[in-house]
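Subject: Structure handover and findings

Hello,

Here is the structure for you to look over. Please open it alongside this note.

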Amino acid sequence: MIGLAIALALSNRWTGALAAVLGGVGAGLFVDEIGKFITQDNDYFFPLAAPIAYAVLAVLAYLAYRVGQRRRRSVRAHLYAALELMQPAPDGPLNQHQIDLIDEHLCRASEFDTDTQTEAIIEGLNHALDEAKQHVVAADTAWAGRQLTRLQSLEERLLPTDRVRRLTRFALAVLGTVGVIGGPGVCALALWHLFGPPSLQGNNSLLGDDFGPVAWTAVAVTAAIGLAAGVHAWRAVRRLGPDGDEHRSGTRSGVGSVILLLGGVNLISAYFNQFLVLVQATAQAAVLAALVRLDHRTGSPPHISDLGAPAPIHRRQDPGFSSASPSVSGPRRHRPRH
């Protein structure tokens with residue numbers, strides 16, 4: 001509630017990070033107590049609590065990812081983005097990265113047919129941006145920005161791109177081997193318990209220590225998803241080779257493999273062993289982060305264009321001059337300043 005109030009009431013530069021931390025604490029406290037909420041005897045370790053908690057966190061992570069990747073091409077979208085990026089200006093000078101992004105959004109917004117009010121907004125933001133360029137700082141002066149810059153420098157020094165690629169391939173090879181070898185074996189074991197002697201079938205419910213048909217069906221589904229993840233992982237290993245020219249498709253196959261593990265295997269496995277799933281999810285999240293960083297460092301990820309169509313940042317020109325290279329969405333029309 002405190003995080004929500006801060007996000008709604010204040011607009012300072014630091015409010016986003018603080019609201020995110022407080023909101024994360026609140027969400028963590030909620031999922032930590034699910035077992036007590038859904039049982040009459042306040043059973044904290046009730047088996048069904050772990051899959052529910054994991055599903056809540058997985059859905060939140062997926063929604064955050066989708067919202068972050070969603071892109072719209074319209075004058076309204078670009079103006080909203082420029083206004084939001086300009087928001088920290090009252091707290092102090094903008095850094096070069098922020099100015100470049102604002103510049104790009106304003107250039108894209110000027111490519112659309114606009115009314116006089118929208119043109120006035122673009123013109124005003126252009127004027128404010130020109131003034132901000134006179135006071136630009138080389139990097140973010142905030143403490144979090146400085147630490148992020150240091151971490152990026154440390155990453156480039158200790159984990160060059162080729163080393164990240166090799167480590168990622170090794171991790172994917174391990175995940176792929178476990179899925180390809182373990183998947184069929186676990187699936188065969190589940191089928192044996194499902195269709196074997198009646199003494200092996202146990203209780204027909206997920207609840208209880210003596211697993212029955214429902215539980216073994218869940219195990220079989222988990223094994224099938226793990227097998228599919230293993231196939232995708234090995235496909236990524238092949239495409240991420242040192243001589244391969246399919247690194248972008250390789251990273252996508254790797255991401256697909258990890259998402260199958262995070263969203264499918266772990267969700268069902270959390271019922272059977274919640275603590276093991278925490279270890280698995282941590283390792284898989286590390287592999288996912290390595291894949292995203294590898295794609296970021298080798299594939300020139302998009303800033304404001306759609307995925308799969310990265311757009312370079314174009315600088316605005318003085319009136320009377322035109323850009324030699326058109327943007328992704330077509331030639332830019334430069335409007336004279338009044």
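Below is what was found in it, from the overall fold down to single residues.

**Ground rules**

This is a predicted model, so to say: local features need pLDDT of at least 70, side-chain atom pairs count only at pLDDT 80 or more, and totals for chains, interfaces and linings use all residues. Residues are numbered from 1 along each chain as its sequence is written, and side-chain values use heavy atoms, with hydrogens and water left out.

**Overall**

The protein chain has 12 helices and zero strands. Helices (H or I, at least four residues) and strands (E, at least two) are DSSP runs, numbered from the N terminus. Read from the N terminus, the order is α-α-α-α-α-α-α-α-α-α-α-α. The chain has 338 residues, and 31% of them are buried. Buried means under 20% relative accessible area, exposed means over 50%, and partly exposed lies in between (1.4 Å probe, protein chains only).

**Helix packing**

Axes here are lines fitted to C-alpha atoms, for helices over the stretch in contact, and angles run from 0 to 180 degrees between N-to-C directions.

- α5 (residues 75-86) and α6: the axes come within 8 Å and cross at roughly 155 degrees. α5 is therefore roughly antiparallel to α6. Angles under 35 degrees count as roughly parallel, over 145 as roughly antiparallel, 65 to 115 as roughly perpendicular, and the rest as oblique. The crossing of α5 and α6 is left-handed. Left-handed means that the near helix is turned anticlockwise from the far one by less than a right angle; clockwise is right-handed.
- α9 (residues 161-195) and α10: the packing angle is about 155 degrees, and the axes are 7 Å apart. That makes α9 roughly antiparallel to α10. Their crossing is left-handed.
- α10 (residues 213-239) and α11 (residues 247-272): the angle is about 160 degrees, with the axes 8 Å apart. α10 is therefore roughly antiparallel to α11. This crossing is left-handed too.

H232 lies in helix α10. Its relative accessible area is 28%, so H232 is partly exposed. The C-alpha atoms of H232 and G256 are 6.9 Å apart, although 24 residues separate the two along the chain.

**Salt bridges**

Side chains of opposite charge can pair when their charged atoms come close. The rule used here is a side-chain nitrogen of Lys or Arg within 4 Å of a carboxyl oxygen of Asp or Glu. By that rule there are six salt bridges. Among them are these:

- E104 and R108 pair at 2.9 Å, N to O. They sit four residues apart in helix α6 (residues 96-109), so about one helical turn separates them. E104 is buried, at 2% relative accessibility. R108 is buried as well, at 3%.
- R165 and D162 pair at 2.7 Å, N to O. Both lie in helix α9, three residues apart, about one turn of the helix. R165 is buried, with a relative accessible area of 7%. D162 is partly exposed, at 40%. D162, R165 and R166 are linked in a network of salt bridges.
- E33 and K36 pair with their closest N and O atoms 3.6 Å apart. E33 is partly exposed, at 24% relative accessible area. K36 is also partly exposed, at 35%.

**Surface patch**

Which residues make the nonpolar surface patch? I2, L10, W14, L18 and L22 do, and the patch covers about 450 Å². Patches are made of residues with over 30% relative accessible area and no salt bridge: like charges are joined within 9 Å, nonpolar side chains (Val, Leu, Ile, Met, Phe, Trp, Tyr) within 5 Å. Accessible areas come from the Shrake-Rupley method with a 1.4 Å probe; for residues, only the protein chains shown count as cover. L18 is in helix α2 (residues 15-32). At 34% relative accessibility, L18 counts as partly exposed.

**One backbone point**

Most residues other than glycine have a negative phi. N42 is not a glycine, yet its phi is positive, at about 55 degrees. N42 is in the loop between α3 (34-37) and α4 (49-69).

Best wishes
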